[in-house]
Amino acid sequence: MNKVVSRDGTTIAYEKAGDGPPIVLLNGAFRDHTIFDSLVPELAPHCTTYVYDRRGRGESGDSPAYAVEREIEDLEAVIDEAGGQAVVFAGSIGANLALEAAMAGTPITKLALHEPYYRVEGYPKPPADFMEHLRGLLAGGERGEASEYFLAELLGLPPEMIADWRQGPLWATNEANAHTLPYDTEICGDFQVPAERLAALRTPALILNSDGTGDWLRAAARATAAALPNGWGLELPGSWHRIETEMLARVLVGFATT
């Protein structure tokens with residue numbers, strides 16, 4: 001992978017592919033750049049893609065003290081490699097991070113966001129001691145338990161779905177990256193849609209959700225789109241928190257190249 005040094009000296013690893021307008025792909029909780037392995041080949045004939053490992057994951061470095069501002073600087077470093085400005089596609093908590101970056105002045109020309117992690121009225125937020133309990137599990141080396149706790153309390157997954165996921169091929173990655181779950185939790189803030197701050201953001205923003213996703217994720221996507229002056233929502237075919245790759249690629253190509 002290519003490497004770029006973020007403002008605080010942390011090395012961020014990224015891959016570049018394709019030809020055309022630049023688009024940076026930003027992942028959510030648990031994952032690294034490989035989550036986009038099936039999407040990049042669909043985009044590369046039309047766009048220059050940049051995928052990177054967020055700090056603390058994959059081949060990227062980390063720093064002793066975490067701050068959301070450092071992750072914004074990481075994204076800015078990758079965008080600088082892309083020529084100084086770029087479209088950003090971000091999913092899950094990565095969508096929250098992309099919005100924070102845009103509101104902080106990061107040179108993002110357009111935002112495409114898949115189901116940001118906000119909780120709107122009528123849907124419960126995680127427990128007040130969520131972060132404290134999560135940190136306690138990680139401090140005790142209980143990565144699997146921390147991953148389960150995150151999935152249950154922040155994502156709202158039922159026990160049977162978590163049990164199935166634990167038997168799947170991605171669980172090892174969940175545990176390997178579990179130490180970054182407090183990072184993602186901090187990015188979410190109070191889990192409410194920051195409507196007043198979003199009202200000042202003029203960046204064109206496409207807010208996506210799948211037609212098979214959870215009710216709270218659909219509600220969050222719609223509330224986010226409604227809060228953005230230049231935002232609009234679009235529902236695409238898919239399953240829980242996932243959009244069909246071919247359809248997603250088609251929409252992103254059209255969005256990034258026009």
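Predicted model: local features only at pLDDT ≥ 70, side-chain atom pairs only at ≥ 80, totals over all residues.
Trainee: Is α8 itself mostly covered or mostly open?

Mentor: Buried means under 20% relative accessible area, exposed means over 50%, and partly exposed is in between, using a 1.4 Å probe and protein chains only. Helix α8 (residues 181-188) is mostly covered, with 7 of its 8 residues buried. Those are L181, P182, Y183, D184, T185, I187 and C188.

Trainee: What do the buried residues of α8 pack against?

Mentor: A contact means heavy atoms within 4.5 Å. In this model the buried residues of α8 pack against α2 (68-81), α3, α4 (130-139) and α5 (143-153).

Trainee: Where does A67 sit?

Mentor: A67 is in the loop between β4 (48-52) and α2. It counts as buried because its relative accessibility is 15%. A67 and E186 are 119 residues apart in sequence, yet their C-alpha atoms are 8.1 Å apart in space.

Trainee: How many residues are in the largest nonpolar core?

Mentor: A nonpolar core is a set of buried Ala, Val, Leu, Ile, Met, Phe, Trp, Tyr and Cys residues joined through side-chain atoms within 4.5 Å. The largest one here has 62 residues, and V24, L75, V88, L111 and F150 have the most contacts inside it. Helix α3 (residues 93-103) gives the most to this core, with 7 residues. There's also a second, separate core of 22 residues, including F36 and L248.

Trainee: Which residues does L111 touch?

Mentor: Leaving out residues up to four places away in sequence, L111 touches V88, A98, L99, A102, L201, T203, P204, A205, L206 and F255.

Trainee: And zooming out, how many helices and strands are in the chain?

Mentor: You'll find 11 helices and 10 strands. The radius of gyration, taken over C-alpha atoms, is compared with a globule rule of 2.2 Å times the number of residues to the power 0.38. The chain's value is 17 Å, close to the 18 Å that the rule gives for 258 residues, so it is as compact as a globular protein of that length.

Definitions and conventions:
Residues numbered from 1 in each chain as written. Heavy atoms only, no water. Helix = DSSP H or I, 4+ residues; strand = E, 2+ residues; numbered from the N terminus.
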